[in-house]
Amino acid sequence: PVTLALVRKELRDQRAFVGLGVFLSVVEVLELVLLELPDQRPIWINWTRELTSQGYGILMLGIALAMAWGLLVREHDERTLEFLDGLPISRWAQFATKVVTALCVLMVYPVVFTGVVLLEHLLSRNSLDRSLHLQPLAMQLVLLAIACAVVLSVGLALSFLRRLGWLVLAGLALGYVALEAKTPWVGNFSPLRLLVPEYAGTRWTFPSRLLLYQAPVALGCLGVAGLLY
């Protein structure tokens with residue numbers, strides 16, 4: 001019950017992002033009903049133009065970064081930590097609940113969007129392509145969630161620097177661009193790389209190599225954010 005109450009509190013605190021996810025989902029549904037010809041949009045159209053496009057990835061990772069900036073420091077700024085500490089739940093449990101709830105909110109729009117893409121494919125598929133392609137669709141959602149988690153963790157760690165955090169983030173981005181030009185392996189730290197399909201036939205293979213670079217960064221940032229919280 002205490003955890004559910006904390007989740008409800010987080011949803012109230014994140015209502016702007018909940019509203020954004022719902023708004024984007026409604027736009028997708030309205031576009032499907034009013035503007036598109038859903039029986040003429042097989043999955044390869046949405047796959048190449050929408051689901052695996054860089055713009056879609058940047059949008060979701062940008063939302064994750066914006067969410068991270070107020071997720072933890074708000075409790076310090078609004079002095080609500082004393083109230084939360086009075087609940088029979090530890091700081092680390094509070095922290096985990098906040099992070100998991102934020103990821104669930106972030107994935108509202110991608111899940112609805114993927115459902116719309118699947119529905120369009122069901123209406124438009126023909127005898128040459130009867131497969132539902134559930135494996136690549138599921139892999140895209142999983143890797144998008146992981147990429148959002150990586151960005152969210154970095155944002156949470158930097159958010160305690162307040163305005164200075166944006167300067168540090170800009171410095172990290174510039175350093176990344178400069179290093180990637182000279183040492184291409186640095187590109188393995190980019191969450192956007194997780195969203196680039198690596199195919200084995202018609203299946204999207206799991207990018208274990210990229211996670212070897214990015215998982216320690218995410219776990220380290222989450223550890224730092226948890227300690228600061």
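## Exercises on a predicted model

The accessible surface of the protein comes to about 12300 Å² (Shrake-Rupley method, 1.4 Å probe), and carbon and sulfur atoms account for 70% of that surface. This is a predicted model, in which local features need pLDDT of at least 70 and side-chain atom pairs count only at pLDDT 80 or more, while totals for chains, interfaces and linings use all residues. Residues are numbered from 1 along each chain as its sequence is written, and side-chain values use heavy atoms, with hydrogens and water left out.

**Exercise 1.** Find how many helices and strands the protein has.

*Solution.* Start with the rule: helices are DSSP runs of H or I with at least four residues, strands are runs of E with at least two, and both are numbered from the N terminus. Counting gives eleven helices and two strands. Next, read the order from the N terminus: α-α-α-α-α-α-α-α-α-α-β-β-α.

**Exercise 2.** Decide whether Cys104 and Cys221 are buried or exposed.

*Solution.* Buried means under 20% relative accessible area, exposed over 50%, and partly exposed in between (1.4 Å probe, protein chains only). Cys104 has 51% relative accessibility, so Cys104 counts as exposed. Cys221 has 17%, so Cys221 is buried. For the whole protein, buried residues make up 40% of the 229 residues.
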